[in-house]
Structures are given as C-alpha cells and as structure tokens.
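Please look first at the sequence and the three-dimensional structure shown below, and keep both in view while reading.

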Amino acid sequence: MRRFRRAAAVTTALIMTLAALHAASAQAIRLQLQPIAGGLAEPVFVTGTGDGSGRLFIVEQAGIIRAYVNGAIRSRPFLDIRDRVLAGGELGLLSVAFHPRYKENGRFFLNYTTDSGGRLRTVIAEYKTVPPTSNVANRGERVLLTIPQPFRNHNGGLNMFGPDGMLYIGLGDGGSGGDPQNNGQRLDTLLGKILRINVDGALPYAVPPDNPFVTRKKARPEIWAYGLRNPWRFSFDPAANRAFVGDVGQNAWEEIDIMERGRNYGWRIMEGAHCYSPPSGCPTAGLKLPVAEYSHTDGCAVTGGYVYRGTRIPSLVGKYVYGDYCSGRIWTLSGGGPWTASLLLATSLRISSFGTDDAGELYVVDHDGNLFKLIPAP
C-alpha cells in the first residue's frame with residue numbers, strides 16, 4: 001500500500017464542523033477546520049520555528065518549502081531544492097525540523113529522497129537561514145546521513161527535535177510489502193526504526209551515549225526504537241513526558257504507539273496487536289503493543305498527530321489528535337489507563353500531516369493542496 005495513493009475524487013468542504021462526544025467526560029467538543037491556505041502542491045508537513053515570529057513553514061513534496069507570514073504565503077519559496085529531490089508516490093521532500101535555537105543559529109534539517117548518482121536513498125541534511133529572520137534560506141547543504149532505500153515506498157520521513165535537544169528521525173522498513181528483508185527486526189540496519197542523534201556534537205553528527213544500542217555488537221548505535229513499518233509522523237508531548245508514533249499498517253491494521261527507549265514495536269511479527277508473520281501463534285514476548293489501533297474499515301493509512309497544548313480549545317487540552325489519510329477521519333486519544341479513542345471530525349481531506357505553531361495551536365495538512373487550522377466552532 002502506498003502512503004500517498006490517489007483517493008476517489010471528492011469535493012472538499014472548506015469548513016467542516018462536527019460535535020463529538022468524548023466518552024470519558026461526556027462533554028461535546030465542537031470544532032471546525034478554518035481554511036488558512038490553498039493552491040499548494042501536494043503539501044506533506046507544516047510547522048512553526050519556535051522563534052516567536054508566528055511564521056509557519058509548509059513543505060511541498062516536490063522539494064519546496066513555503067513561508068506563511070502575516071496571513072499569507074510568500075510568493076518566493078523559503079527553499080527550493082527540487083533539483084535534488086526525487087518525488088512521487090511516497091518519495092520526496094518529507095519534513096523540516098528547525099533547531100531549538102533557530103532564532104540564534106538559523107539551522108534546520110531536511111528529510112528527503114533522491115536518486116542522484118543512480119542510487120535511491122534517504123538524505124538527512126542541514127541547511128541555514130542567514131539571518132534567521134529571513135524568509136529565504138540558503139541552498140548550501142551539509143549532509144549528515146544517507147540511508148540506502150531498497151524500494152520506493154515506506155520511507156518514513158519525519159525529522160523532529162525532542163525536548164532533550166536531540167534530533168529524532170523516522171525511517172520505514174524500506175518498502176515492498178511485508179518487509180521482505182525483515183528490516184524492522186534487524187538492528188544492523190537503520191530501516192524500520194526511529195533514530196536519535198546529536199547535531200550539536202562531532203561532525204557529521206554525534207551518537208548520544210545513552211542511546212540503547214551503543215554498546216551492542218552489530219547494532220547501529222543511532223537506533224532509539226525499532227520494529228516499525230512506516231512511522232510517517234510522530235510527536236512529543238513534554239507536558240506528559242510522552243512521545244506518540246503513528247505507524248502505517250500493511251493490509252488490515254493502523255496503530256498508535258508510545259515511543260520508548262529501546263523498545264521493539266513488533267513489525268513484521270505483528271501488525272498492530274495482531275500476528276502478521278506468522279499469521280497466528282506469533283511470539284510476542286518483549287514486544288511493545290500499540291495503545292490504539294483501528295482496522296481498514298475506518299481508513300487505510302494512519303497520520304500521526306499531536307497532543308493539543310494550545311489555548312483556544314480548552315476542552316481539547318491533553319488529548320492526542322490523529323487522523324487517516326484515506327478516510328479523512330480525525331480522532332482523539334485520551335486517558336492512558338486504558339486509552340480511549342473518540343471520533344472528533346469526519347472530513348473529506350487526504351490528511352498527509354498535522355502540525356503546530358509556536359503557540360501550540362493545531363493545523364491539518366490536506367495533500368490535495370490545502371492547509372487548515374483547528375478552531376472552536378461558533
């Protein structure tokens with residue numbers, strides 16, 4: 001299954017409102033999606049910079065990052081590297097992560113796919129904006145890491161800084177179907193993993209000494225967690241000291257995981273909380289099961305989101321918001337013992353990502369070319 005497959009043609013409603021009853025509190029959360037920007041070319045990510053400027057930066061899959069400033073998209077791209085990026089299907093420029101001290105150093109980090117030199121691979125690279133207040137970045141590139149890709153799908157694609165200042169990188173199992181190389185369970189490859197590196201240490205990067213496999217023979221020391229199929233989007237919630245991962249499933253189940261140091265999330269042994277290989281009687285000892293899952297009757301590809309920590313929607317604070325690329329449904333996850341999933345919005349969007357601004361407000365990215373902000377309904 002492709003992460004980005006064309007859905008049936010639908011008419012996208014620009015304002016969609018749904019009252020959802022949260023099972024735990026029995027309080028209705030009335031929300032709507034406010035159109036922020038349109039006419040984008042296959043957007044896959046949006047984020048603030050953390051510099052207090054209020055700017056948003058929107059990643060387009062072909063290799064462009066656009067700056068959204070004072071309520072409008074600037075005509076000149078923040079960065080255009082289409083000449084370096086191989087895009088299409090699940091390939092492309094997939095995310096940007098701004099350094100926690102971006103306001104001072106102007107550093108940001110990209111995750112993209114390329115076939116330059118005749119080899120398909122993922123590239124993790126550093127760029128700079130001089131001065132950091134500029135809305136146009138330099139094209140000069142410093143490559144930190146390249147990861148060969150055996151197939152054209154399941155690339156993961158997210159770079160994100162954690163509360164610890166380390167850069168976390170999501171990588172899929174390398175593609176095809178069913179993880180034929182068993183990359184998810186192997187510790188000698190970076191595929192099917194979430195990595196953790198220090199971009200402020202030695203060049204091209206340093207491995208944090210507290211990474212779980214630093215001293216293990218034949219294991220890549222960059223690995224933080226493994227057993228993942230395609231961790232397309234993950235996020236951190238420092239307020240609760242948690243990290244959530246949306247891991248895209250194979251043919252039957254989509255899952256949400258709590259990311260923890262050194263844990264094995266089961267792929268390809270399991271898909272969600274169900275045996276995959278073998279289809280029954282699979283060994284589950286030592287595996288970390290998802291905190292939530294849904295079947296393909298409700299969608300086909302999970303899009304991990306964020307715990308809402310903004311101020312405009314008090315009833316949503318502390319709830320994890322996530323969605324599905326194919327069905328357009330948006331859910332919340334709350335509780336923790338046990339976790340409770342509730343439908344929040346039913347949309348016709350192809351939800352490629354969620355994002356937050358510097359104030360913690362939540363945005364929804366529509367792969368068909370639109371950006372929305374989650375706001376209270378009138």
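The model is a predicted one, in which local features need pLDDT of at least 70 and side-chain atom pairs count only at pLDDT 80 or more, while totals for chains, interfaces and linings use all residues. Residues are numbered from 1 along each chain as its sequence is written, and side-chain values use heavy atoms, with hydrogens and water left out.

Strands of a sheet pair through backbone hydrogen bonds, either parallel or antiparallel; here two strands are said to pair if DSSP finds at least two bridges between them. β9 pairs with β8 in the antiparallel sense over five bridges, and A97 has F109 as its bridge partner in β9. With strand β10 (residues 121-128), β9 pairs in the antiparallel sense over eight bridges, and the bridge partner of F109 in β10 is E126. β9 and β10 form a hairpin with six residues between them, and G117 in the turn has a positive phi of about 80°.

What is the size of the largest nonpolar core, and which residues have the most contacts inside it? A nonpolar core is a set of buried Ala, Val, Leu, Ile, Met, Phe, Trp, Tyr and Cys residues joined through side-chain atoms within 4.5 Å. The largest has 72 residues, and those with the most contacts inside it are F78, F108, L110 and M259. Strand β8 (residues 93-98) gives the most to this core, with four residues. Apart from this core lies another, of 21 residues, among them A97, L167, L195 and V199.

Elsewhere, T47 is found in strand β3 (residues 43-47). T47 counts as buried because its relative accessibility is 14%. Leaving aside neighbours within four places in sequence, T47 is in contact (heavy atoms within 4.5 Å) with R55, L56, F57, V96, F98 and T356.

Finally, four strands form an open sheet in the order β12-β13-β14-β15, with antiparallel pairing. Its edge strands are β12 (159-161) and β15 (223-226), each of which pairs on one side only.

Key
Helices (H or I, at least four residues) and strands (E, at least two) are DSSP runs, numbered from the N terminus. Buried means under 20% relative accessible area, exposed over 50%, partly exposed in between (1.4 Å probe, protein chains only).
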